[in-house]
Amino acid sequence: MTAKNRRTFLKRLGQGALGSMTLPAFGNTLLESWKTEGLSTGNTNSEAYWELVKSQFNIAEGLSYFNNGSLGASSTKIQQETQGFRNLLDGFPSKYMWGGWADEKESVREKVADLFAVSSEEIALVHNTTESMNLIARSFDLQPGDEVILGNHEHASGTIPWEVWQESKGIKLVRPELPILPKSVAELTLAYEKAITSKTKVISMCHLVNTNGMLLPVKEVSKMAHEKGVLVAVDGAQSAGMFTIDLKDLECDFYAASSHKWLFSPKGVGVFYAKQESQQYLKPLMVARGYKDKSIRRLENYNTRNLPEVLGLGASIDFHNTIGDAVIHQRSFELKSYFRSKIENDKRFTLKSPASDSLSAAIQVVEVNGKEVKAVKQKLWDDYGIDCRPMSSHGLNALRLSFAIYITKKDIDYLVSALKEVAV
């Protein structure tokens with residue numbers, strides 16, 4: 001290769017023009033595509049609009065997917081965008097892994113921060129909720145006799161890190177029992193308040209529990225806990241993206257979320273919020289060159305990681321914002337209400353999620369009376385192609401149903417019809 005040809009080749013690489021490779025849109029092109037389709041301008045009160053939203057996802061033919069609480073789907077364009085980033089990385093690995101996407105990665109951080117109404121200096125881009133909960137639980141230099149409060153509806157990924165990293169040191173884990181169907185926010189707040197002692201250091205709680213979809217009062221608990229000098233860590237795996245979340249308003253110290261559920265990002269990407277004044281308590285799970293960085297970026301210093309998935313998260317936030325955070329919030333509660341209205345007066349069913357919008361959202365749990373839940377789940381799958389999650393803990397014996405934005409009222413009608421046939 002001549003010197004002239006080499007310079008031309010390097011120039012093309014610097015511009016990202018890797019031959020005939022399909023490159024990601026990253027930004028306006030993707031936004032314009034969604035706008036052209038009507039996602040930002042359609043009548044969101046019309047079911048036709050939500051059919052358009054559903055068409056953005058390539059859910060398998062014949063599958064009725066009510067299991068978003070386990071794992072969400074990425075829209076087709078998010079998949080394509082992420083694949084474009086993978087192609088670009090594999091075309092010039094060393095460039096894009098170490099520095100070539102520095103600005104784009106910071107852009108993703110800013111988008112996440114804006115969504116949750118916090119500073120970008122309070123957001124780490126991690127792998128999932130489990131990683132974040134481990135990071136929190138391992139960071140504290142707690143002493144034997146200190147106490148950490150964990151309600152009895154916490155996910156295993158929220159409890160096991162505390163058991164391994166702290167209980168093994170002699171720290172006491174306090175497990176208050178929460179009511180399945182609380183009558184008020186105050187009733188739940190009181191359960192946490194009564195568990196606090198002079199030795200309590202941290203409350204670790206879900207925002208929305210995975211068992212029966214119950215919303216926990218993060219703001220009320222945080223305010224009460226801080227008055228007693230107690231820090232609050234929140235597992236937001238089931239809430240981030242489902243409805244509007246202002247983390248400053250919630251007042252918690254830490255908030256962990258897996259974006260591959262209700263934000264529909266590529267799999268294996270998560271976000272972690274740490275209030276600026278609470279970051280002093282945190283230590284990285286993994287250390288490498290750059291570990292002396294004082295910013296929150298020290299918590300995501302993996303050296304080599306799957307950056308295309310991180311950039312795909314940015315596109316997922318763009319998708320969320322194109323529809324509109326407030327619109328998604330309203331739709332989540334609308335689908336909840338629509339489903340409940342179809343079965344709440346039917347004696348064949350018992351709803352085991354609280355009715356109030358202050359106590360539950362787009363995850364609803366229902367028992368088919370007199371039927372074993374795993375058998376019901378299997379029949380729904382075998383005969384109707386419906387996938388959902390059977391919940392047996394806490395005496396539920398009930399189906400967990402997730403109403404993500406790709407679920408239409410027509411889909412709920414089909415679900416309810418199937419449930420009524422199974423209940424016979």
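What volume does the second largest pocket have? I looked this up first in the predicted model, and the second largest pocket comes to about 290 Å³.

**Entry: second largest pocket**

I then listed the residues around this pocket. It is lined by 18 residues, and His207, Leu215, Leu216, Phe243 and Leu250 are the closest to its centre. I sorted the lining by class and found nine nonpolar, four polar and five charged residues. Helices α10 (218–227), α11 (247–250) and α13 (325–343) each supply at least two lining residues. The most comes from α10, which gives three.

**Entry: largest pocket**

I recorded 24 lining residues, with Trp98, Lys105, Glu300, Asn301 and Asn303 nearest the centre. By class, nine of the lining residues are nonpolar, six are polar and nine are charged. I also checked the helices: α5 (93–97), α6 (102–115) and α12 each contribute at least two residues to this lining. The largest share, four residues, belongs to α6.

**Entry: nonpolar cores**

Which residues of the largest nonpolar core touch the most other members? I noted Phe116, Ile203, Phe339, Leu380 and Phe403, in a core of 105 residues. Helix α12 (residues 307–323) provides the largest share of this core, eight residues.

I recorded a second, separate core of 24 residues, which includes Trp162, Leu231, Ala256 and Leu282.

As general background, nonpolar side chains in soluble globular proteins tend to be buried together.

**Entry: strand β2**

Are the faces of strand β2 covered or open? I examined residues 123–126 and found both faces covered. Ile123 and Leu125 are buried on one side, and Ala124 and Val126 are buried on the other. This arrangement recalls the general rule that side chains in a regular strand alternate between the two faces of the sheet.

I then looked up the pairing of β2. Four bridges join β2 to strand β8 (residues 270–274), and the two run antiparallel. Within β8, Phe272 is the bridge partner of Ala124.

Conventions. Residues are numbered from 1 along each chain as its sequence is written. This is a predicted model: local features need pLDDT of at least 70, side-chain atom pairs count only at pLDDT 80 or more; totals for chains, interfaces and linings use all residues. Side-chain values use heavy atoms; hydrogens and water are left out. A nonpolar core is a set of buried Ala, Val, Leu, Ile, Met, Phe, Trp, Tyr and Cys residues joined through side-chain atoms within 4.5 Å. Buried means under 20% relative accessible area, exposed over 50%, partly exposed in between (1.4 Å probe, protein chains only). On a 1 Å grid over the protein atoms alone, a cavity is a set of points where a 1.4 Å probe fits but cannot get out, and a pocket is an open set with protein on both sides within 12 Å along at least five of seven lines; lining residues have an atom within 4 Å of a point. Ala, Val, Leu, Ile, Met, Phe, Trp, Tyr, Cys and Pro count as nonpolar, Asp, Glu, Lys and Arg as charged, and the others, Gly among them, as polar. Grid points are joined across faces, edges and corners, and a volume is the space filled by probe spheres set on the points. Two strands pair if DSSP finds at least two bridges between them.
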